[in-house]
Amino acid sequence: MERSLDDVRDNLRIIEQTIGESCLKAGRRPEEVTLLGVTKTVEPDRINAAIAAGLNHIGENRVQEYLGKRDDLNLTGVEVHLIGHLQTNKVSRIVGTVDMIESVDSVHLAEAIDDASRKLNRVTDVLVEVNIGGEEAKSGVSPEELTDILENIGTFSGIRVRGLMTVPPILETEKEKRAVFSKMYKLFIDIKAKTIDNVCMDILSMGMSADYREAILEGATMVRVGSALFGRRQYPVL
Ligand SMILES: *Cc1c(COP(=O)(O)O)cnc(C)c1O
């Protein structure tokens, strides 16, 4: 399917402008918020068009898909984050090929990342994913177990915890969305105040196409935007 690449550039400008407006409304500086373009199912030429227009952080969901497209991407100066659920048996293939893994949801997974990182003599930056809505079907650790898990992961020398990530429940009203993001921000601040060894809390990754404005109003430092940037996804995945 042929689609013009201009729309990607136009969308990027609109999103950057919206981020700026949300920051202004929240009394924050636009530099406090990083835009991560979510590139799952997106063809390399569209991703490269966004990069050429200034996008410098991208997020992929699946190890296999990312490794398959990677050689066709112009990744100079671009940070790549893995944001999808990661199985331990795929860890050794992804460590060393991405700059951050945002979806760490168990000590077991962290241990595997630690192991693979130390074998490569690296330290991998990670975020711990929190299931803020307590949804059965979603991955992420519960707010109640978060401190214990961070204390545990903090002992791994091959990992550096940089903050938290969440995919909240789908909500309708602005008020409901903001309430969930605000709960997440509070958790982020509480953990930060605890100063756990080896755990730094400078990234709070929350907000997607439908709710990144609300996320910024409530303190997100990274928003993960896919469809608003690249258009509606066309499944199946590559
Ligand atoms: C797909 C995805 C996004 C982006 O979703 P959009 O609604 O397309 O912006 C963000 N975060 C995660 C974890 C995703 O899987």
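Ground rules: I am working with a predicted model, where local features need pLDDT of at least 70, side-chain atom pairs count only at pLDDT 80 or more, and totals for chains, interfaces and linings use all residues. Residues are numbered from 1 along each chain as its sequence is written, and side-chain values use heavy atoms, with hydrogens and water left out.

Ligand shell: I listed what surrounds the ligand and got V38, K40, N61, I83, V167, M208, S209, R224, V225, G226, S227 and R233 (a heavy atom within 4 Å counts). I sorted this shell into 5 nonpolar, 4 polar and 3 charged residues, with Gly counted as polar.

Polar contacts: I took pairs of N or O atoms within 3.5 Å. The side chain of S209 puts an N or O atom 2.5 Å from a ligand oxygen. For K40, a polar side-chain atom is 2.7 Å from an oxygen of the ligand. S227 uses a polar backbone atom, 2.8 Å from a ligand oxygen. I then checked cover: the ligand alone exposes 390 Å², and the protein buries 87% of that (Shrake-Rupley, 1.4 Å probe).

Backbone angles: Most residues other than glycine have a negative phi. I found N121 with a positive phi of about 60 degrees, in the loop between α5 (107-119) and β5 (124-130). N198 also has a positive phi, near 65 degrees, and sits in the loop between α7 (174-194) and β7 (199-205). Helices are DSSP runs of H or I, at least four residues, and strands are runs of E, at least two.

Notes. Polar contact = N/O pair within 3.5 Å; in protein donor to acceptor, adjacent residues only side chain to side chain.
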